[in-house]
Amino acid sequence: MGEHVNIAKPAALLIAATALVAGSTIAAVADTAADGTRVTGIQQVADHVLAGHPKVLSASADQVRYDGLTLTRAPQGRFAAKDLDCAYGHLCMLVNGTKFDFYKCQTWNVTNWTGDGPFTNNQTPGTVAKFFNQDGSVRWTSTAYQAGTATWDPIWSLRPC
């Protein structure tokens with residue numbers, strides 16, 4: 001099926017950094033670098049994400065950009081369905097307060113996708129996005145153009161095309 005990309009750790013750091021910015025009860029954002037030093041602070045976390053994940057193009061307190069995917073955390077912690085603006089050629093969804101905007105054809109491994117949320121498959125007409133179970137079997141598909149609400153658990157990976 002081609003290349004697989006795991007986006008779990010950068011997504012978790014994005015969520016933690018956003019929580020800190022939003023003034024939640026999280027006291028600090030921290031991670032451990034390869035050399036064992038603690039990484040704290042939003043910019044340091046973003047820099048650490050970039051250093052540890054070569055597929056990451058840029059990271060900030062509310063957004064992580066990969067080659068083929070942009071993750072955006074809602075400024076107030078929650079997007080509404082109306083906020084799911086999805087460009088032509090993209091597959092977009094809202095999962096747990098994060099907007100996922102996929103635009104590269106490859107398999108993406110995901111974790112902690114729970115609940116329901118809106119999606120828009122705005123790829124070229126007829127393009128089939130596939131969503132997979134933990135064992136790799138197809139859970140459901142979406143043929144462009146399609147928009148609706150999906151149940152994210154248990155989705156373990158997806159392929160936009």
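Let me start at Phe102. Leaving aside neighbours within four places in sequence, Phe102 is in contact with Gly68, Leu69, Gly89, His90, Leu91, Met93, Trp108, Trp113, Leu158 and Pro160. Keep in mind that this is a predicted model.

Next, the core. A second, separate core of six residues includes Phe79, Leu84, Cys92 and Leu94. The largest nonpolar core has 21 residues. Phe102 is among the residues with the most contacts inside that largest core, along with Met93, Phe100, Trp113, Phe131, Trp152 and Leu158. Five strands each supply at least two residues of this core: S5 at 63-66, S6 at 69-73, S7, S8 at 98-102 and S11 at 128-132. S7 gives the largest share, three residues.

Now the strand that holds Phe102. S8 is mostly covered, with five of its five residues buried. Which residues sit on each side of S8? Thr98, Phe100 and Phe102 are on one side, Lys99 and Asp101 are on the other, and all of these are buried. As a general point, side chains in a regular strand alternate between the two faces of the sheet. In S8 both faces are covered.

S8 has pairing partners. S6 and S8 run antiparallel and are joined by five bridges. In that pairing, Arg73 has Thr98 of S8 as its bridge partner. S7 and S8 also run antiparallel, again with five bridges. On that side, Leu91 stands opposite Phe102.

Leu91 is in strand S7, residues 90-95. Is Leu91 buried or exposed? Its relative accessible area is 0%, so Leu91 counts as buried. Beyond four places in sequence, Leu91 is in contact with Cys86, Phe100, Asp101, Phe102, Thr120, Asn121, Gln123, Ala129, Phe131, Leu158 and Pro160. Asp101 is on that list, and the C-alpha atoms of Leu91 and Asp101 are separated by 5.9 Å, although the two residues are ten apart along the chain.

His90 is also in S7. Why is His90 called buried? The cut-off is under 20% relative accessible area, and His90 counts as buried because its value is 17%.

Now the turn between the two strands. S7 and S8 form a hairpin with two residues between them. Asn96 is in that turn, with a positive phi of about 50°. In general, most residues other than glycine have a negative phi, and most peptide bonds are trans. What is the relative accessible area of Asn96? The value is 39%, so Asn96 is partly exposed.

A positive phi turns up at Asn112 too. Asn112 is not a glycine, and its phi is about 60°. Asn112 lies in the loop between strand S9, residues 107-109, and strand S10, residues 116-122. Asn112 is exposed because its relative accessible area is 66%, over the 50% cut-off.

Then the peptide bonds. Where are the cis ones I want to point out? One joins Ala144 and Tyr145, with omega of about -10°. Tyr145 is in the loop between S12, residues 138-143, and S13, residues 146-151. Another runs from Asp153 to Pro154, with omega near 0°. Pro154 lies in the loop between S13 and S14, where S14 covers residues 157-159.

Last, the chain as a whole. How many helices and strands are there? The secondary structure comes to two helices and 14 strands. Of the 161 residues, 43% are buried. Among contacts between residues at least 6 apart in sequence, 56% join residues at least 24 apart. The chain exposes about 8,100 Å², and carbon and sulfur atoms supply 52% of that area.

Methods: Residues numbered from 1 in each chain as written. Predicted model: local features only at pLDDT ≥ 70, side-chain atom pairs only at ≥ 80, totals over all residues. Heavy atoms only, no water. Helix = DSSP H or I, 4+ residues; strand = E, 2+ residues; numbered from the N terminus. Buried < 20%, exposed > 50% of the residue type's maximum accessible area, 1.4 Å probe, protein only. Contact = heavy atoms within 4.5 Å. Core = buried A, V, L, I, M, F, W, Y, C linked by side-chain atoms within 4.5 Å. Areas by Shrake-Rupley, 256 points an atom, 1.4 Å probe, with all protein chains shown as cover. Pairing = 2+ DSSP bridges.
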